[in-house]
Amino acid sequence: MSTENLEYSEARKKVKSFVEDIKTGMLVTNIGSKPVDAIPMTTKKVDTEGNIWFLSGLNSDHNANIVKDSDVQLLYSDIKDYEFISIYGQASIVTKSDILEDLYSSVDDTWFKGTDDPNLSAIKVNPEEAYYWDTKSNKYVSLFKMGVSAVTGNQQDIGEKGKLDL
């Protein structure tokens, strides 16, 4: 597996690509304590500055954790395509109505009573650093290449990994 470390604009493009492809990841809060809190969240948007947006309940545990400590980790994985990314960043709670309206869709009616729901908030994550693993092919091709490598002793290129400085 080759290593490709990217910086700012290229790194943000790579993060956006992963996040938009995978969509749902684990939001980890309370990372300075044990145990950490993790909850699955569906990405609503990656904006032009590279911020990652979610909708959340204002009175949720993860919102309370973010108010106490804005450090968060986002973990996205696509097992089918062997794509993984871990994103560290700073989160903030946003309640501006124009932002909530922009992010809200009818699917969110499952959890909220529309954009006027007093419990509706957005979480904005400003990524600072990420690390990714991407096989560039599906898991069956990757497993086949690993098998060939094990049998022949010849190292196979199964994709890339790298640090993203954001």
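Is Ser-86 buried or exposed in this structure? Ser-86 is buried, with a relative accessible area of 17%, where buried means under 20% relative accessible area, exposed means over 50%, and partly exposed lies in between (1.4 Å probe, protein chains only). Hold on to that residue, and we'll come back to its surroundings.

What you're looking at is a predicted model, in which local features need pLDDT of at least 70 and side-chain atom pairs count only at pLDDT 80 or more, while totals for chains, interfaces and linings use all residues. Residues are numbered from 1 along each chain as its sequence is written, and side-chain values use heavy atoms, with hydrogens and water left out.

How confident is the predictor? The score to look at is pLDDT, the predictor's confidence in each residue, from 0 to 100. The protein chain averages 84, and 78% of the residues score at least 70. One stretch to treat with care is residues 137-152, where pLDDT stays under 50. The model has 21 contacts beyond four places in sequence for that stretch, a contact being heavy atoms within 4.5 Å. Where pLDDT is low, the predicted coordinates should not be read in detail.

Now for the overall layout. The protein chain has 4 helices and 10 strands; helices (H or I, at least four residues) and strands (E, at least two) are DSSP runs, numbered from the N terminus. If you walk along from the N terminus, the elements go β-β-α-β-β-β-β-α-β-β-α-β-α-β. The chain has 166 residues, and 40% of them count as buried. Take the contacts with a separation of 6 or more: 70% of them are between residues 24 or more positions apart.

Let's zoom in on strand β7, residues 71-78. Its covered face carries Val-72, Leu-74, Tyr-76 and Asp-78, while Asp-71, Gln-73, Leu-75 and Ser-77 sit on the uncovered one. Two strands pair if DSSP finds at least two bridges between them, and β7 has partners to show you. Strand β3 (residues 24-29) runs antiparallel to β7, joined by 4 bridges, and here Leu-27 stands opposite Leu-74. Strand β8 (residues 83-94) is also antiparallel to β7, with 8 bridges between them. In this pairing, Val-72 has Gly-89 as its bridge partner. The hairpin of β7 and β8 has 4 residues between the strands, and Tyr-82 takes a positive phi near 55° there.

That brings us back to Ser-86, which is found in strand β8. Its side chain makes a polar contact with the side chain of Gln-73 at 2.6 Å. (A polar contact is a pair of N or O atoms within 3.5 Å; within protein, one must be able to donate a hydrogen and the other to accept it, and residues adjacent in sequence count only if both atoms are side-chain atoms.) Not counting residues up to four places away in sequence, Ser-86 touches Gln-73, Leu-74, Leu-75, Glu-129, Ala-130 and Tyr-131.

Further along β8 you'll find Val-94, which is buried at 12% relative accessible area. Leaving aside neighbours within four places in sequence, Val-94 is in contact with Trp-53, Ile-99, Leu-100, Ser-121, Ala-122 and Lys-124. Val-94 and Leu-58 are 36 residues apart in sequence, and 9.3 Å separates them in space, C-alpha to C-alpha.

Last stop: charges. Side chains of opposite charge can pair when their charged atoms come close. A salt bridge is a side-chain nitrogen of Lys or Arg within 4 Å of a carboxyl oxygen of Asp or Glu, and by this rule the count comes to 5. One of them links Lys-13 to Glu-10, with the closest N and O atoms 3.3 Å apart. These two are 3 residues apart in helix α1 (residues 8-22), so about one helical turn separates them. Lys-13 is exposed at 53%, whereas Glu-10 is partly exposed at 40%. In helix α1 you'll also see Lys-16 and Glu-20, 4 residues apart, about one turn, and their side chains meet in a salt bridge of 3.2 Å, N to O. Elsewhere, Lys-80 and Asp-81 form a salt bridge at 3.2 Å; Lys-80 is exposed at 54%, and Asp-81 is partly exposed at 24%.
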